[in-house]
Amino acid sequence: MSAPVDTAPKLQAYAHPDRLVTTDWLSAHLDDPSVVIAESDEDVLLYETGHIPGAVKIDWHTDLNDPVARDYIDADGFARLMSEKGVSRDATLVFYGDNFNWWAAYALWVASLFGHPDARLLDGGRQKWIEEGRELTRDVPKPGATQYPRVERDDSHIRAFRDQVLAHARAGGRLVDVRSPGEYSGELLHMPDYPQEGALRGGHIPGAANVPWKTAANDDGTFKSRDELSEIYLENLGLDADEEVVAYCRIGERSSHTWFVLTHLLGLEHVRNYDGSWVEWGNAVSVPIERPGLPVRPPL
Amino acid sequence: MSSQPLPRRLSEIVDEFADLPRDLKLELLLEYANALPPLPERYATDRGALERVHECQTPFFVATELADGHVRLWFDAPDESPTTRGFAGILHAGLDGESADAVLAVPTDFSARLGLSDAISPLRLRGISAILAAVQRQIRAQAVS
C-alpha cells in the first residue's frame, strides 16, 4: 500500500507532485508502515554518523552497481537488495541524501529502471532535514525481509547507451551536458576540486548544451519552483515536452538529478540518462568530440 | 601492492581493518574520523599555513611540522565529510610523532592493505594516498630548507 501524496502547495505545481515529499510530510510519516526511507550519499560514512529515524542505507557503489561489470545489478540483485532493506513492491520508497540529493536521485533512477512504482525524493535532502534541526539517530533498523518480486531491469526508456547517444547526436537530437563549464569546454578532465577520474580526452558530445545540474537547485538543497525550472529548461534551453532528450555528466550521477527534474518536475516524457557519460565517451576510440572553437573531430 | 613494512602503529591499524567485515570496517573508519584532533589555535587563525589537498572530494587541509627529525601532523576536514576525516584519522593515529624517514618510507599505495575497496569506491580511496603524498611532499620541502 502506498502512502498518501504530499499536498504541500509548492509540490502541486510540478508535473508529478507524487514524486517529491517535504521534510514536514516525512516527519509526519516516520512511523508509517507503508513508507521506507532510504539514504544514499556521496560520503559513504555519513549514514553511520546519524540518519533520519528508521532510514536504511543504500550505497550507490556497493549496493546498486554490479561488482564486476560496469553496469547495475540485475533483477535478482535488485529483488535481494529490496528484500533485505524491508522494501515491498507496493511500498512508498523515499530517497534522500547529501550533496543536493545527487546520489539519492541516482538511486531513485536505478529503482525506476526496475519500475518500482512509488519512488519519491525528499525535497532538500539531508541538508534541509539537518538545517531544520530535525531528529537524527545512529540506530540502524533491522527490517524484516520482504518478498520483493523479481522484475527485469528495463534499460529501454530512461537509460541511454553509447551507440544510441551517437545516433542521437548524428540525428541532431537534444543533449544536455550537466557538468561544470570547465568540464564541458574540455579545459578540465574532472569536476572542480575533484580528482581526475581517468578521461583521456576533454570536451563534450557534439551538439550538447551545457546546463550545470545545480542550476535546478536552491541553496538549501530544494528544487527550484516549477516556473523557475520552466524558464531554465523550456524557455531558455528550448526543450519540448515530447522530444527525445539525453542527459549526461561523468558517470551518470549528476545527470540523474537533471533527469529527475526534466521528467518528474517538468513532465518531459522522453528523457534518458546516459550513465556511461564522459568517463566512457572521453575514453572511447574515435567517437566525435566537440571543443569550443574547434571543428568536431572526427566529423559526426 | 607493495609489501614493504609499515611503521608499527600504522601496521597495527592495517591489521585492525584487514580482518573486519565490511560494515564493521565503516564503523572503525568512523571511530578514526571522530578521534581526529582539532587544529591547534595557531592554524585556526592562520589558515594560509595550511595546504589544500585537491584530490580529496571535500575541502581538506594539511600541515606538517618537523622537529628533531620527527613529524607532527595536523589535518582539517569538515564534519560532514566523515570518510575524508577517517582517512586523516588513520594517518594521524598511525604516523604522528614518527620519524621523518619512517613517514617518507610509507608506500603511497599502503591503503590497499586496509581492504576497504569492497566498501569504498576506488576514486574516494585515492584520497588517502593523496593526503599521504601531500604529507611526504611537505616533509621533503622542510628537510631541504
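Predicted model: local features only at pLDDT ≥ 70, side-chain atom pairs only at ≥ 80, totals over all residues.
Buried area is the accessible area that two parts lose on being put together, summed over both.

Chain B and chain A bury about 1,700 Å² between them. Of that area, 56% is on carbon and sulfur atoms. In terms of residues, 24 from chain B are in contact with 20 from chain A.

What about charges? The rule finds two salt bridges across the interface of chain B and chain A. In one of the two, the side chains of B:Arg22 and A:Asp63 meet, with 3.9 Å from N to O. The cut-off for a salt bridge is 4 Å, so the pair at 3.9 Å counts. There are also three residue pairs in polar contact between the two chains, where both residues have pLDDT 80 or more.

Which elements of chain B give two or more residues to the side that touches chain A? They are helix 2 (22-35), helix 4 (82-95) and helix 6 (122-144) of chain B. Helix 2 of chain B gives the most, with five residues. Sorted by class, the side of chain B that touches chain A has nine nonpolar, seven polar and eight charged residues.

A:Thr23 is found in helix 2 of chain A, residues 23-28. Is A:Thr23 buried or exposed? The relative accessible area of A:Thr23 is 2%, and buried means under 20%, so A:Thr23 is buried. Leaving out residues up to four places away in sequence, A:Thr23 touches A:Leu122, A:Asp123, A:Lys128, A:Trp129, A:Glu132 and A:Arg134.

A:Asp123 is on that list, and my next stop is there. A:Asp123 is found in the loop between strand 5 (119-122) and helix 6 (125-131) of chain A. At 5% relative accessibility, A:Asp123 also counts as buried.

Four strands form an open sheet in the order 7-6-8-9, and the pairing is parallel. The edge strands are strand 7 (209-210) and strand 9 (271-274) of chain A, each of which pairs on one side only. Strand 6 (residues 174-177) and strand 8 (residues 245-248) of chain A are joined by four bridges. In one pairing there, A:Leu175 has A:Val246 in strand 8 as its bridge partner.

A word on helix 9 of chain A, residues 226-236. Its buried residues are A:Leu229, A:Ser230, A:Ile232 and A:Tyr233. What covers them includes helix 10 (254-265) of chain A. Just after helix 9, A:Gly238 takes a positive phi of about 80 degrees.

Last, back to chain B. Strand 2 (residues 61-67) and strand 3 (residues 70-76) of chain B run antiparallel and are joined by seven bridges. B:Leu66 has B:Val71 as its bridge partner in strand 3. The two strands of chain B form a hairpin with two residues between them. In the turn, B:Asp68 has a positive phi of about 55 degrees.

That is the end of my tour.

Key: Residues numbered from 1 in each chain as written. Chains lettered and ligands numbered in written order. Heavy atoms only, no water. Contact = heavy atoms within 4.5 Å. Buried area = accessible area lost by both parts, 1.4 Å probe. Polar contact = N/O pair within 3.5 Å; in protein donor to acceptor, adjacent residues only side chain to side chain. Nonpolar A, V, L, I, M, F, W, Y, C, P; charged D, E, K, R; others polar. Buried < 20%, exposed > 50% of the residue type's maximum accessible area, 1.4 Å probe, protein only. Pairing = 2+ DSSP bridges.
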